[in-house]
Structures are given as structure tokens and as C-alpha cells.
Amino acid sequence: MSGRDLFCQPRRFGRGAALTLVFASVLVAGAATGSLPGDEPGAASGTTPSAAPVGSQQEVARAAAEAMAEGKSPIEAAERAVSRSGNRWDAVYSRGEYEEFQEALDGEYTGVGLSARRERGGRIEVTEVATGSPAAEAGIRAGDRLRSVDGREVDGRPVTEVVSLLRGDATDADAGTTVRLGVERGTRAWTETLRRARLSTDSVTVRTLPDGATVIRIAAFTKGSGEVVREAVRHAPAASGVVLDLRANSGGLVTEAVTAASAFLDGGLVATYDVDGEQLALHAEPGGDSARPVVALVDGGTMSAAELLTGALQDRGRAVVVGSRTFGKGSVQMPSRLPDGSVAELTVGHYRTPSGRGVDGRGITPDLEAGERALQRARTVLAGLGR
């Protein structure tokens, strides 16, 4: 598992929310994925969480209110109520954690700008350093070993915990606060003190291959990412194909995924979903490029909104899907504000692809299985489509 100090799992979470999602190289908990537009799933659409929860949400709110009246922890009471749902995506977040989620979906975060992964044996290795970040200015680079954070040894720790230390979650550290890193490179070991900063993440990267094909890599569906994809398709070389790389993309803003789908579809259905039994639909905007050859690259880390996009392009015959079976998160979470300002997110429904396929627990099966050489296979398929 790998992660960037952009975002990490909540410090408090119930049994059902223990699984942390990999938001590309960004760690993020379930509250930031799978939410749909409109008033219902405000977490992802940027709306205010509902003040009038219903059903199981009402039960959670009542438990929090009773605990608060008795001088006990509302969050802990809400977590116990949430755990009874048995749904792994249900969770409770403090006010600060929820605000961090929203900031991350806006493509901004407080950190030092490095990504790390846990190697065999428990070593923590730096995998990427953001250009212009505090880590980059300090000379830290990919391949360095991270030995400690603020004097705490990190070998053997879960990478999510390391990310939390880098961000300073325990103290709600702001930009400008310092963090001391123990770093090793070959035979050299040293300590570096960095000052956290407000950073932005480029969730979409575009490159043109020597054969003229365009590779659009979407690391996460953050605010504005869908329009970046549309612009990339508009400016791609005429008659060239597109490889849409959704590997390790565990979702984000579903509205942005729909906008991305609009780059390849001339209107029409993208997905259907239900909220407390009410059937709703998501549609692409008209005017997309419906002729350019497209190959979508996916893997087991392709989740939620990324699966919604993949399913739409596959069902609508707009993309050949290459890679391995996707994760299978097709549930919808609705947030509600609790009496102390914390937020509970409970599952209220599921979405389906245009042909009516359910994704939750099943994932999406690619048209062509491919492993480590998936990109090369995608380019071969794309060349065939072009001909």
C-alpha cells in the first residue's frame, strides 16, 4: 500500500469504516468516494450535510445527542451506532476531519509533498516528491528511506499512520508548522526539518506518445478534473486514440466523473442510482467526441466514481476496457451533521451502469485481461481500433 501526505484515514472510525481507500497516491477514507450530486450526498458535491437525517441516520443522531446530554463523547456514541449497520463504508468524522475531506476534494491539502509506500520488511520508502514542495526543496527524492517522523520510528507502521504523522493530524497541524524527518539514502542518514505548506495536487496528467496517442491519467476525481479531461480530449491530435488510465483511482466527486464521461459521449445515460428507494439517473452532456478510439485501463484499485465512468464507457461501446477486475464499490453514502458538528455518513443506495449492472461487490470485468504490461497492451488495442 502507498500513500501521499495529502490525505489519510480518520483518526476515529467505526468497525464498518476500517477499510481505507487508496485515492490514487492519496489516502482517503470512504466519505470522499461514491457520493453523488445533489442534496443527498453532500460530501462529494460540496453541499452542506443534511441537518435532518432519516432512518438509520436518525438513530445515529439520537445516540450522539443522548451522549452529549450525558456529558459523554458524541463521536464515540455515533461510532457505536454506525458499527451496528455492518456496512464497511459507514463512518463518523469529526468536524475537522470532514473539512479536510472537502479540502482534499478541492485538490488542496496541508503537508510536505511526498508519497510513500511500505516495502517488504516494513521499510517506508519515498515513491514520489511533488515539485516545489517542502520535501523537494529539502532535497528528498524518490527512493529515499523514511526512518522517522518527529522522532518516532516508522519502520513496520501502517503507511496510513505514517501519513497521519507527516500531516500532523494528532495536533491538527496547520501550514507553517514543522515536522522533523529521519531520512536515509544508501549509506547516508540524516535529519531534515520541513515546514508544512498548503499544496495542490494535479489529479489529471496528459502526455502524448510517440505514435500520437494521448494518455490521460486520472489519479482522482477532484474538483475541476472532469473539465481538464474534456479539454485534453478536445486538444488531442486529430484522429489519434486516447488511453484513459484509471488504475489506482478510487473515486472522488461523481459529478466530475460524469463530466469526464461527457468528453467521450454525445449525451445519454451514464449511470442510475437509488437513494432510499428513489430511482435517479446521471446523464452526459451532449457534444462529446463519440468517434475517437478509447481504451480504458483499470485494475483492482479502480473504485467507485472511476468504476462508474468505466462502466458507462464499456456499456455504451465507447471504450475497450483493459486490465484486471475493478474493486467493486458501487454504494452511495449520505452525510448528516450531528449535534456536536461531527458528520455521519451512512449507505443509502447503490448505482448501476447504463445496462443495469450492479458494481458493488462485483466490480467491472475488463474486455481484455492484462497485468504488468497493461499499458503496452492498451496501446496495441488502441492501434487496432484506429485501423
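Reply: A helix here is a DSSP run of H or I with at least four residues, and helices are numbered from the N terminus. With that in hand, α4 is followed by G107, whose phi is positive, near 85°. Please keep in mind that this is a predicted model.

Me: OK, and which residues of α4 itself are buried?

Reply: In α4, which covers residues 95–105, the buried residues are E97, Y98, E100, F101, Q102, A104 and L105.

Me: Stepping back a bit, how many helices and strands does the protein chain have?

Reply: The protein chain has 10 helices and 22 strands. Of its 387 residues, 55% are buried, and the chain exposes about 16000 Å², with carbon and sulfur atoms supplying 45% of that area.

Me: And what share of the contacts comes from residues 24 or more positions apart?

Reply: Counting the contacts in the protein chain with a separation of 6 or more, 69% are between residues 24 or more positions apart.

Me: Now the helix pairs. At what angle do α2 and α3 pack?

Reply: Helix α2 (residues 56–69) and helix α3 (residues 74–83) pack at an angle of about 150°, and their axes are 8 Å apart. The two helices are therefore roughly antiparallel to each other, since angles over 145 degrees count as such. The crossing of α2 past α3 is right-handed.

Me: Which residues make that contact?

Reply: From α2 it is V60, A63, A64, A67 and M68, and from α3 it is P74, A77, A78, A81 and V82. As background, an α-helix has 3.6 residues a turn, so residues three or four places apart point the same way.

Me: Staying with α3, how many of its residues are buried?

Reply: Eight of the 10 residues of α3 are buried, so this helix is largely enclosed by the rest of the structure. The buried ones are P74, I75, A77, A78, E79, A81, V82 and S83.

Me: What covers them?

Reply: The cover over the buried residues of α3 includes α2, together with β4 (91–93) and β21 (343–352).

Me: Next pair: how do α8 and α9 cross?

Reply: The axes of α8 (residues 254–262) and α9 (residues 305–315) come within 9 Å and cross at roughly 25°, which makes α8 roughly parallel to α9. This crossing of α8 past α9 is right-handed. On the α8 side the contact uses V254, A257, V258, A260 and A261, and these meet A305, L308 and L309 in α9. Eight of the residues in the contact of α8 with α9 are nonpolar, with no polar and no charged ones.

Me: Changing topic to backbone angles: which residue other than glycine has a positive phi near 50°?

Reply: That is D150, with phi near 50°, and it sits in the loop between β8 (145–149) and β9 (152–153). D150 is partly exposed, with a relative accessible area of 38%.

Me: And where is A248?

Reply: A248 lies in the loop between β15 (242–245) and α8. Its phi is near 65°, again a positive value in a residue other than glycine, and A248 is partly exposed, with a relative accessible area of 26%.

Key: Residues are numbered from 1 along each chain as its sequence is written. This is a predicted model: local features need pLDDT of at least 70, side-chain atom pairs count only at pLDDT 80 or more; totals for chains, interfaces and linings use all residues. Side-chain values use heavy atoms; hydrogens and water are left out. Buried means under 20% relative accessible area, exposed over 50%, partly exposed in between (1.4 Å probe, protein chains only). Contact means heavy atoms within 4.5 Å. Accessible areas come from the Shrake-Rupley method with a 1.4 Å probe; for residues, only the protein chains shown count as cover. Axes are lines fitted to C-alpha atoms, for helices over the stretch in contact, and angles run from 0 to 180 degrees between N-to-C directions. Angles under 35 degrees count as roughly parallel, over 145 as roughly antiparallel, 65 to 115 as roughly perpendicular and the rest as oblique. A crossing is left-handed if the near helix is turned anticlockwise from the far one by less than a right angle, and right-handed if clockwise. Ala, Val, Leu, Ile, Met, Phe, Trp, Tyr, Cys and Pro count as nonpolar, Asp, Glu, Lys and Arg as charged, and the others, Gly among them, as polar.
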